[in-house]
Amino acid sequence: MDQEKNSAELFEANRAHLRAVAYRMLGSLAEADDAVQEAWLRLSNTGLEGVENPTGWLTTVVARICLDMLRQRKARREEPLDIQPDRRPVRTVVDPEQEALLAEAIGLALMVVLTRLDPAERIAFVLHDMFALPFEDIAPIVERSTDAARQLASRARRRVQGGDIPTAELPKQRAVVDAFLAASRANDLAALIAVLDPDVVFRGDATAVRMGGPQELRGAEAVARAFAGRAQAARTALLDGVLGLVVAPRGKLALVLRLTITGGRIAGVEAVADRASLENLELTVLA
């Protein structure tokens, strides 16, 4: 009993660290919690007898779990959504402010680049550059030699540092998307028109049209009327590294909205519901 109590206390002492590690690897607070929960289950089954560095051991376990999740995600070519409470294990309630701080810590621009890294690159980069884990410890996690792990992190670092992501524009674009969502949900036609370019064009693919959406709309008023009072199930996301929206009622991905933002307004909206197109998206729902 004492050993179980000690393990529980040690795990709780490391929970925030493990959650931060998992979030930076997965880019999803819900999935990060899943990974941490799985690490706790493994700790419960094995205990810490003979483990000299419990924090290091737990970090390694979480990293391996995250690597498996990233590989499964890549195989599916779709991102598990943060809005699937019925499919997640029960978790400790977290202070919303803590979640906001954790989401801000990684930075939106960096998140964009991380979503484009291969799973092993992402793990190596996060563990070494963000959490100072030596490559000797990273190598077994990514199933590579120490030199190969070092090369993975180096390649990821070049992509992060040399990426052509317009860092200064992302927060501005996020504000536009958030304003669009707020106006849509509030059924505020004037606010919707204000965030849309006067010549905005909406287009829907064949599947979206079959779902009841329009094929094409032109002009701010027409597009605003189509979205007024809607978007309740929409969430801001990165679609192939570009800000957009996902619509996933009851946690099931139905369609995405690709947004073109110019001059601080939405100039284009493309509704994509074709299943093959959705499966080929690199998709990350943002907190």
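The chain has 13 helices and 7 strands; both are DSSP runs numbered from the N terminus, helices being H or I with at least four residues and strands E with at least two. This is a predicted model, in which local features need pLDDT of at least 70 and side-chain atom pairs count only at pLDDT 80 or more, while totals for chains, interfaces and linings use all residues. Residues are numbered from 1 along each chain as its sequence is written, and side-chain values use heavy atoms, with hydrogens and water left out.

**Whole chain**
- Of the 287 residues, 45% are buried (under 20% relative accessible area, with exposed over 50% and partly exposed in between; 1.4 Å probe, protein chains only).
- Among contacts (heavy atoms within 4.5 Å) with a separation of 6 or more, 66% join residues 24 or more positions apart.

**Nonpolar cores**
- A nonpolar core is a set of buried Ala, Val, Leu, Ile, Met, Phe, Trp, Tyr and Cys residues joined through side-chain atoms within 4.5 Å.
- The largest one has 41 residues, of which Met 25, Cys 66, Ile 123, Leu 127 and Ile 138 touch the most other members.
- Helices H1, H2, H3, H6, H7 and H8 each supply at least two residues of this core, and H3 gives the most, with 9 residues.
- Leaving aside neighbours within four places in sequence, Ile 123 contacts residues including Met 25, Cys 66 and Ile 141.
- Another core, of 27 residues, lies apart from it and includes Phe 180 and Leu 259.

**Asn 14**
- Asn 14 is in helix H1.
- Asn 14 counts as buried because its relative accessible area is 9%.
- Not counting residues up to four places away in sequence, Asn 14 touches Thr 55 and Leu 58.
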